[in-house]
Amino acid sequence: MRYLIYLVISTLLVYGLPYSTAQDDFFDEELLLKPLASGHVYAYFQFTTLWEAPNNVQTFQHSHLFPRGLGEIIGRHKVDELHISLTEGLWNYEKWGYPVHDAGSGAEIFAWFNKNVSNVNNEWKSLTNALAGLFCASLNFVDSSNSMSPEFSFRPTGIVKEPPNSSYLRYSSLPREIVCTENLTPFKKLLPCDSKRGLATLLNSAYIHNTNYHSLGIHFRSVCRNAGCTKSSLELRQTVSLVYDTLTEATQDWSIRKLFGIGIKGACPLASLSNVYIDMTSNETVHVYQLTPSPNTKVTSFRGGQQQQLAVYDIRTYSNRGMFNIAAIYTTPKTSSVTYPSVLYANRYIIGYGQERGSLVTKLHNNHWQSLDVILLENIPWYLPVYLHTVKVICNGQQIKPLIQRYMPGRERTRPYYLELVLRLPPHSVTKFSIELDYLFLKWQEYPPDANHGFYMGPAVITALLPIARNYTALPLDGSTITSSFNASRNGYLVQLRTESLLISLPTPDFSMPYNVVCLACTAVALAFGPLHNITTKRLVLKNVTRNWKKKLLSFVKRLTKDTKDKTD
Amino acid sequence: MKKQLSCFALAGAIRLLLMTSDYQTLITDRVEVSTALNSWKKVTEGVYLHNAGIDPYSGELFHESPIGLLAFSLMQKYLSIFALHVLFIITDLATAWILASTAQLYMAELIAREKEEKSQLPAEKAKDNICISVRDTASASILYVPATYLLNPFIVLNCVGLTTTVFTNFLFALTLFSIIRRSVFWSCLSIALLTLQGLYPVTLMVPATIYIAGKNSQTCKVAVAKIILTFLTLLVTLLYASYYIMGSWSFLWNTIGFILIVPDLRPNIGLYWYFFTEMFEHFRWLFVASFQINVGLLYIVPLALRLRQDPMLLAFSYLAIAAIFKSYPCLGDVGFYMALLPMWKHLFRHMQQGFIVSCFLLFCTVFAPTVWHQWIYSRSANANFYFGVTLAFAVAQIFLLTDILFASVKREFALRYGLSREVNGNKAKLLLE
């Protein structure tokens, strides 16, 4: 009998408590697979934790599904909203459409702080240092010299009580950051099931880091708990975006096992939703393939004038048969066809030669039949001083006047150059933004190791509300899971494109010279000091100097004898 | 007169031709011509920011004084590009004209002084004194001073490169002219304006005071007090006017602070850029301080005491020292003090290093763009090459300065004791003791 009671209690403890009313948080794991028209396969993992609690320090003292390490940092630094992405590779907007989460290459972080934070800069510095430890990323290199507070580009995505004030926002990008296993492991540890169960078992570093593009993301915000938005919940989305190239393989077929090296073992027991979605919109138009096993359900989603076909696999129903695999078998030979290009995409590059001066050019392509309003945020590091009076925005040979312009000149070693423009792009046009810049000469100790490799410059961010949802995959602002993007037609579809990050080679001094330079320059100073000192302190006299050595010797002897005489006297 | 006019016409034509040619952008982008302090591109940026309602001193690109900002914004507002070019040329020509008048007054003064000195000497000594008389060289000097200014390639490049040094040089010429005219107000005003822009010209107050105070010891103290007071009043007024224009004192950090602390390490013809690029961080302040003392303070008193009889030569030495050792020197500064050289044509005979110095200057002028191209564009050389050239250029200028000062000392000696170098029939050597 006693054993029976123990058993009941322990069963309650193990299974009952997580679902009891005391715990008010939920965990969902989802995977979206989308074959792209270019022959790539886009895999997007999203692990969502929703916690029905207010955002304050007390909340994070006890956590259940929410990662405590991250929660404590968020609570201590009074962060309202936090977005981190660690990315390797460049998302090709022109061919791949839009990802669920946009991320620039390297590390990118932005955060909204609470209104009662008094010194945002200090809080920001200490937040990034803490996160650097948590994710094993070089986020500790974020400081005021590479952070900015853009006014228009980044708006809070969660709920806000008052109109947002961008002085509580900080944005920074570290394009030099290299994303690797050391970032993936701590990322997986934040998940409730770690990488032991559920979809996270698919995240094997060997397969992830072989992709054309991979991006880890952490997105934290407050969302409405109910329709009236009387209470708020905390939402944490951990995302992994991967782009695989199937065209280089022998066959175009792909499967979970081929992409991730392992089949799906089962759902995470703590997850309330555990789904795999396969976007079949392009099936039978661009590609022709068969899915095995066939999905539980097929969903047709209408969104922004676009129809989307999705196959949905609920892992729970499949996993009772043990490990299983989802495969797409192509019935036609390899294809890589051209689809409609994305509505809006951009390129950035540097023109000019030599290490003295150049121009930064950002090209914005608008393929829509209507004009588009976009926000262009240029984040220019302090070692590339730009001249605002040389800004040129040219479209079809004509100069365009920006609707709004914000500029804050940078300061050496303390502040980047911040330029934000609101532009109206004419329909079917290529708009070229250009600005002239100088290459700064730095102190010899400020150059990184391998100085001639160059300096990275973070991407420009282009924000726009697209009128149609072509190639659009992102979730609506009010949604938390991938399911919320089905049939989610809205007035506009927010995209935040990141351009290429650039490598700039600054002129370098000779690093082996410090002693020589100090000596030589001081010699020049001494060359002036000596004669000037002589001229000002001495007077000219005529002196006999043509004596030969015999006379010199004689006079020396004479003087000696005279001295001895004087002494004897 | 005809010669002078043709010189002016030629100089104006050369400048106008170069300004309208494609070489203009090439010249204006040269680091030797445009520095952080005088580049017209940075002025344009500052004016643009000011007009856009952004404080130009919040950035790192604009370092002119607020009064300069006001003047340049008026220029850019009302003048077309061509009119602007013409304004630069006219200012340069006016500088040369003022220099010519200065030289004329100074030569008259030198001749008078020489006469006086000779009359004090015993008759037989004065007779065998065969030093070159100032009287013989005066007319040539008066012609050569504006000609050297107008046709000096350094000055031509400076004017074609549209640097603000064109206006500073104008103010320098005005200062020298008003000093020699003994005009308290004008000399103080121009020195105050120059001080606000470049800080180092404040040293010119010493020759100005010596000139204006004169030799009369009774009125001397009053005159000194008067000129210093006038200068301080004008400087404070100008500073306050700057504050009134900008609405804050932030400009001080970006003008005077920028000159003193040397944060900009873009190469120029001076010694600072590579020195502070390669500096160990914990020694930076020590060397910044010692370099600034070297250019600004160290030589003021000794030279003033030594050259108190010839304040114009004193002003020349201060200008030369500043052009060699200041934090952001440019070719315009070098060209300006070189244009004054013909005023001491009677000293040339006593100079020894003329050939070496001119060779140095010539080679540096040719080598600087070459090694710059190799370093920055073709990457087949490194920074040391350019540093070597700037170092040689500075050393050549130092030789020039010390040579002319030695020559003045020697001539003084020769006037008193004759040119013969014999003591009791034996050959002797001139030595500083």
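This is a predicted model: local features need pLDDT of at least 70, side-chain atom pairs count only at pLDDT 80 or more; totals for chains, interfaces and linings use all residues.

Me: How many salt bridges are there between chain B and chain A?

Reply: A salt bridge is a side-chain nitrogen of Lys or Arg within 4 Å of a carboxyl oxygen of Asp or Glu. Between chain B and chain A the count is four. In one salt bridge, the side chains of A:Arg357 and B:Asp29 meet at 3.8 Å, N to O.

Me: How many residues of chain B are in contact with chain A?

Reply: Contact means heavy atoms within 4.5 Å. Here, 73 residues of chain B are in contact with 60 residues of chain A. Buried area is the accessible area (1.4 Å probe) that two parts lose on being put together, summed over both. For these two chains it is about 6300 Å², with 65% on carbon and sulfur atoms. B:Lys41, B:Glu278 and B:Glu433 supply 10% of the area that chain B buries against chain A, more than any other three residues.

Me: Which residues have the most contacts inside the largest nonpolar core?

Reply: A nonpolar core is a set of buried Ala, Val, Leu, Ile, Met, Phe, Trp, Tyr and Cys residues joined through side-chain atoms within 4.5 Å. Buried means under 20% relative accessible area, exposed over 50%, and partly exposed in between (1.4 Å probe, protein chains only). The largest core has 155 residues, and B:Tyr337 and B:Trp344 have the most contacts inside it. A second, separate core of 75 residues includes A:Phe60 and A:Leu236.

Me: Is B:Ser34 buried or exposed?

Reply: B:Ser34 counts as buried, because its relative accessibility is 10%. Leaving aside neighbours within four places in sequence, B:Ser34 is in contact with B:Thr28, B:Ser39, B:Gly161 and B:Thr163. B:Ser34 lies in the loop between α2 (23-28) and α3 (40-51) of chain B; helices (H or I, at least four residues) and strands (E, at least two) are DSSP runs, numbered from the N terminus.

Definitions and conventions. Residues are numbered from 1 along each chain as its sequence is written. Chains are lettered from A and ligands numbered from 1 in the order in which they are written. Side-chain values use heavy atoms; hydrogens and water are left out.
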